[in-house]
Amino acid sequence: MKINNYYILKRLATLFALDNSGSMNGDKILQVDTSISTIQKVIHEKTNELNVQPVCQIITFSSEATPMFDSPVDMADLKLDPLTAYGRTNVGDLCEVMDKELSSARMFRTDDGDDSPGFVAPVIFILSDGHSTQSYEEQKRLLETNKWYNAATRIVIPIGDDADVEMLKSFASSDDAVIPVNNVEDIAELLTDATISTIFMKEKTHISSAQISSDVAHKVKEEMTDNEEPIDADGSTETPDPDDNSGKWEYDDSGWINP
Amino acid sequence: MKKFEPGAVLHKQNDAKVVVKALLSDTGATACLYTVSDGGKEKALKWFRPDFCSAEYKRRIARMIADGAPDAAFVWPQELIEDGAGGFGYLMELLPRRYHTLTVIQNDPSLRLKSFRAVCNAALTAARAFAVLSRNGKYFKDISPRNTMIDCDTGTLRIIDTDNISSSTSNKGIDGTPTYIAPEVMAGAPPTKYSDLLAYATLVFEMFFNNHPLHGKRYFKCICLTPEIAVKLYQTDPLFIFDEHNSDNAPMAAQENVVAIWNAMPEHMRRLFRRAFGRTAYANPESRVQLEEWAEHLMALRSELAVCPCCGEENAIEKSVQRCDGCGTTLKFEHRIKLPHYSLPLHKNTTLLKGQVATVKWSEMLRPFAAAVTDKKSHRFGIVNLSGTELTGEALNGKERAVRPLEVVPCIKGIKLKSGARTLIEFI
């Protein structure tokens, strides 16, 4: 009788959609770079404390949207060249590339065949400081038919006053999943906190994406405001409906079955 | 949340200073953990996030400190620390570095529980701790690998995050590992001793198999585990991976190690696990396996584990002649002992605990009673009295003689070891 030292973990895929249009130039893009490298460091240090195996893909979007890796990389080993900010904010292209990436052929490949442990519902972060410079409605409608997109906890981070909050909100899993950042120097801390909190909470697989978004937003606000009253303290917080944004699929051994 | 820098000074209630040394962890949902120096002694400080700093919670911690730990396995709050601005935390023992949470042990291949005997030790200690807690009318509510710290070499187990413990059956504030939460609690019922029983059973299974009892094909073949599917897996349709009648959730090929351990388990353990994770146990909380029964079987298994002299692999010995699971060597056990409730082969690693020979209270159950010894000259087996009290040996001719602590009784068929008129061990 031999001790089994091989604990099989499901994977958690996190997709970062990072705006690298011209308006992000300077401190904003540097803050994003810092955040990604901090996230890698924290996950690397805490890998053994996780009950999921975190992998990630990064899509940068400006005049075009580009996935950074051929296939998702282990977040503990994530290495990133500094991002360059240039061009416009093509949200339509982002929708198209996200739809392509959020698929069994790309992010959710199961190369290990029958022995694949599968995934928990993914997490998507969308970070942007501007308005879309192209129409995106059609591509977004298509994206909204993507089952991985629908299953994901989707957190959006509008940066500064010029960000199109309403447009970004339409990508979020719930109203609570919109975490605005007003000071450029807070971007790295906020994105790092939100990612780490989400990854740790994602172990709680019973919790709906709305609940996770709400918890993450709450925790990040608490961290960022250092116990001061939250900026939107006078606003009422709607109780998230756990079923409002997650698919209602029947499940069998083969994985997905659409409603 | 404001974090303390190394060197920050806090004050105990008697105004004595506590100096922060380092941040240990800041990923906890309710608190951050620091190492501190308390009068030169290194301790751990659990400092609560503002959301958890209610007066009620503070009173509860203060009451726990006043009451003291119900069992030595619990890492218990020792002293309350406040910052004067509504923030508070408590000091507790800082465990040595050889202790790791079961989560870390599971995920780090360089760490592993050294032996199944160590697993038995850990599982038995946890059973004792939770039994004593339950006797005091309290529940842990959050039994999980994250709250369980183990010394991999010995199986010495400590339970952390003890501030979840209360006699309240409210499920408010439960922030545990959902795969350990009982179906009825997931459905909204308050936690009870029965929900703790299911979490304990899950913990024991994970310690032995390094696998959740419900994580078989159904779990792994699910390409995307959504919250809705999780509800089915853990709440509305839980199916044990070794269910006798339904193989829908059987282990997949990559779980061959789990299957190998299952096949090597003695039949009484397999039956126990099947009961603990059967549909009845999930649906009917009162039918769950009690801690006393877990202890009975774990103590038996602990005595059944014999190390193969050829390859060093542990084997659960049920028969007097058995092949080693590791190298196939035929293992022969000449002697057998009969205990009040069962019999087992005697081997050179056999140790018996008090709970195996008599009905004793939990605090006594895991204390040593006897162990096998070998005479170096004759290579003959005997049993040494480790009970700390004088026992009685009955010879083949019926004559009795005192067996004082550390005295050895020779292993000869028919000889008995007794306490008063009651036979505790008989060589058969």
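Analyst: We can begin with a single residue of this predicted model: B:Ala69 sits in the loop that lies between helix H1 (55–67) and strand E5 (79–82) of chain B.

User: What makes B:Ala69 count as buried or exposed?

Analyst: The criterion for buried is 20 or more other C-beta atoms within 10 Å, and B:Ala69 has 21 other C-beta atoms within 10 Å, so B:Ala69 is buried. Leaving aside residues up to four places away in sequence, B:Ala69 touches B:Phe74 and B:Trp76. By contrast, B:Thr423 lies 354 residues from B:Ala69 along the chain, and 36 Å separate their C-alpha atoms.

User: How do you know which way E20(B) and E23(B) pair, and how many bridges join them?

Analyst: Pairing requires at least two bridges between the strands, and three bridges join strand E20 (residues 391–394) of chain B to strand E23 (residues 416–419) of chain B, the two running antiparallel. One residue pair that shows this is B:Glu394, whose bridge partner in E23(B) is B:Lys416.

User: What makes E23(B) and E24(B) a pair, and what lies between them?

Analyst: Here the requirement of at least two bridges is set against four bridges, over which E23(B) and strand E24 (residues 422–427) of chain B pair in the antiparallel sense. Within this pairing B:Leu417 stands opposite B:Ile425 in E24(B). Two residues lie between the strands of this hairpin, and B:Gly420 in the turn has a positive phi of about 65°.

User: Why is the sheet E7-E8-E9 of chain B called open?

Analyst: The sheet consists of three strands in the order E7-E8-E9 (chain B), with antiparallel pairing. Strand E7 (99–101) and strand E9 (157–159) of chain B are at its edges with a single partner strand each, and therefore one side of each has no neighbour in the sheet. Direction ignored, neighbouring strands of this sheet are turned by 30° against each other on average. As for the pairing of strand E8 (residues 148–151) of chain B with E9(B), three bridges join the two antiparallel strands, and B:Thr148 has B:Ile159 as its bridge partner in E9(B).

User: Which residues of H7(B) are buried, and what covers them?

Analyst: In helix H7 (residues 227–236) of chain B, the buried residues are B:Pro227, B:Glu228, B:Ile229, B:Ala230, B:Leu233 and B:Tyr234. Their cover includes helix H4 (183–186), helix H6 (217–220) and strand E10 (224–225) of chain B.

User: How is chain B divided, and what makes up the contact between domain 2 and domain 3?

Analyst: The assignment divides chain B into domain 1 (9–93), domain 2 (99–289) and domain 3 (315–427). Taken over C-alpha atoms, the centres of domain 2 of chain B and domain 3 of chain B are 32 Å apart, while the contact takes eight residues from domain 2 of chain B and six residues from domain 3 of chain B. On the domain 2 side the largest share, four residues, comes from H3(B).

User: What is the predictor's confidence in the two chains, and where in chain A does pLDDT stay under 50?

Analyst: Chain B averages a pLDDT of 91, with 97% of the residues scoring at least 70, whereas chain A has a mean pLDDT of 80, and 77% of its residues reach 70 or more. For the complex, the predictor gives an ipTM of 0.80 and a pTM of 0.87. In chain A, pLDDT stays under 50 over residues 226–259, for which the model has 56 contacts beyond four places in sequence. Where pLDDT is low, predicted coordinates should not be read in detail.

Technical notes: Residues are numbered from 1 along each chain as its sequence is written. Chains are lettered from A and ligands numbered from 1 in the order in which they are written. This is a predicted model: local features need pLDDT of at least 70, side-chain atom pairs count only at pLDDT 80 or more; totals for chains, interfaces and linings use all residues. A residue is buried if 20 or more other C-beta atoms lie within 10 Å of its own, exposed if 12 or fewer, and partly exposed in between; C-beta atoms are placed from the backbone. Two residues are in contact if their C-beta atoms, placed from the backbone, lie within 7 Å. Axes are lines fitted to C-alpha atoms, for helices over the stretch in contact, and angles run from 0 to 180 degrees between N-to-C directions. pLDDT is the predictor's confidence in each residue, from 0 to 100. Domain bounds come from an automatic or database domain assignment.
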